[in-house]
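Let's take a walk through a protein model together.

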Amino acid sequence: MTVVGVDDTDSRTGGMCTTYLGALLADSLRAAGATVERLLLLRCNPAVPHKTRGNAAVGLHTDCEPGRAFALARGLIEEHAMVGDPNTNPGLVVAPHGSDAVPGTVAEFARRAVTGHLDTEEARELCSDHEYRFSGWENGRGLIGALAAVGSWPLPDPTYERIAYRERERWGTDREVDPDSVFAAADAFYPRVWDTVDRETGEVVCVPNTPCPVLSGIRGDDPGSVAVVADRIEGESVERAETFVTNQGTDAHLGETPLSALRGGYCYRSDGRVASEPETREGGHVFFTLEEGEARIRCAAFEPTKRFRDRVRALRPGDRLAVCGEVSGGTLKLEKFAVRELNRFRYRNPRCPDCGRSMESAGRKQGYRCRECRTSALGKERVEVDRDLGIGWYEVPPTARRHVAKPLVRGGFDAPVHPER
Ligand code: ATP
């Protein structure tokens, strides 16, 4: 058996996509008489600064002889990758063992690629240590994702994406897809198939707007359902389609970490108490401070998270939360949060029992007095506040979801969920 890993074939302006290269390679291997057992789409750490879009790497598991697989993959990268663009640094790794025989050091490297920061040198050294065939173009950074894709099997929580690609002459033009057919298919398979549409806004989420070759990507919990939904979509003709097994929709990027230990460039789940009233700033971004002991962090729900910002605005100081998201520039960009405790009370000057008016302070440590009736009270009054939030998890809508973030509808959370459909 042979495992092939490929990464970094696209550029920000370019019309390529590493998954498309994976699909081309799968067809080349089949044409060479080999079997492709599976295609794997690995989302690495979404906080790395040099990613093009979703930090994807691709792996293929095949019975093709390693030397032949390497030659085929190298030929395709040289033909199709956007080599020459300063942002494109392709990497190719071919391991001469089955996907079930990944050495521990390579599996560990793959885990760190999803949560941490790695360098190309370590990837080269590991490839040499294990006598893998490998090749890096330009600065060779793609070797990191390529080796991570090689080391990522079995996935602890596999999900699936059926990706349909466009006819080449249509690349860069507007996509023609019938939204009614997308909604009908998505509704028939929800929630096994998720993040296909946004039912609240009527938007189609599974069709990208970038110049890349992807026509649609249908994500879900099983390969059969994503394939049926993809087949039911009506629109322009499909050049080819493949089903990838992925770590998308799994929260694999989050490390459970105390608030005092959060650092920029990583993605976390952390606990704390709301310490400031949420504030909407210019551009519609909403901010509040979360604290735990001495530690504090600014949390943000940015404008593209749309209605999620209403959930954040409904928070009050004193609420106890778990928050998930990437830390960057001292701010945690919220992907989801769980309300653990709600602060249901506020304190106000006591009301006069005779006339009902608000009493006034009678001076420092002298309690409160009604101006009219001269009645007095010792301290403030506690009143219950109506809250628009319940205990449990809240998330960004499908349009704002990161590829690797787990939709609440997938289940397995430690509190009730309030999913966005
Ligand atoms: P493409 O379609 O080209 O794959 P992308 O959005 O997936 O686009 P890349 O262009 O692949 O992004 O850029 C990500 C780069 O970051 C790759 O070179 C990859 O090897 C590297 N990389 C991935 N994970 C890490 C990590 N944890 N630490 C450092 N570099 C990483």
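The report below looks at the ligand, then at aromatic rings, then at charges over rings.

## About the model

This is a predicted model, in which local features need pLDDT of at least 70, side-chain atom pairs count only at pLDDT 80 or more, and totals for chains, interfaces and linings use all residues. Residues are numbered from 1 along each chain as its sequence is written, and side-chain values use heavy atoms, leaving out hydrogens and water.

## Around the ligand

The ligand is surrounded by 24 residues, where a residue counts as near if one of its heavy atoms lies within 4 Å. The closest are Asp-8, Thr-18, Thr-52, Arg-53 and Ala-56. By class, this shell holds seven nonpolar, eleven polar and six charged residues. Here Ala, Val, Leu, Ile, Met, Phe, Trp, Tyr, Cys and Pro are nonpolar, Asp, Glu, Lys and Arg are charged, and the others, Gly among them, are polar. Helix H5 (residues 142–150) gives the largest share of the shell, three residues; helices (H or I, at least four residues) and strands (E, at least two) are DSSP runs numbered from the N terminus.

Now look at the backbone. A polar backbone atom of Ala-56 is 2.5 Å from an oxygen atom of the ligand. For a backbone N or O atom of Gly-54, the distance to a ligand oxygen atom is 3.0 Å, and for one of Gly-145 it is 2.9 Å. On its own the ligand has 620 Å² of accessible area, and the protein covers 97% of that (Shrake-Rupley method, 1.4 Å probe).

## Aromatic pairs

How many aromatic pairs are there? The count comes to seven, taking rings of Phe, Tyr and Trp (its six-membered ring) with centres within 6.5 Å; planes under 30 degrees apart are stacked, over 60 edge-to-face, and the rest tilted. Tyr-20 and Trp-171 are edge-to-face, 5.2 Å centre to centre with 85° between the planes. This pair links parts of the chain 151 residues apart: Tyr-20 is in helix H1 (residues 18–31), and Trp-171 is in the loop between strand E6 (159–166) and helix H6 (179–189). Both Tyr-20 and Trp-171 are buried (under 20% relative accessible area; exposed is over 50%, partly exposed in between; 1.4 Å probe, protein chains only). Together with Tyr-165, they form one aromatic cluster.

Trp-393 and Phe-413 form a tilted pair, 5.7 Å centre to centre with 55° between the planes.

## Charges over rings

Lys-406 lies over the face of Phe-413, 5.0 Å from the ring centre. The charged end of Arg-199 sits over the ring of Tyr-190, 4.4 Å from its centre. The rule asks for NZ of Lys or CZ of Arg within 6 Å of the ring centre and within 35 degrees of the ring normal.

Terms used: A polar contact is a pair of N or O atoms within 3.5 Å; within protein, one must be able to donate a hydrogen and the other to accept it, and residues adjacent in sequence count only if both atoms are side-chain atoms.
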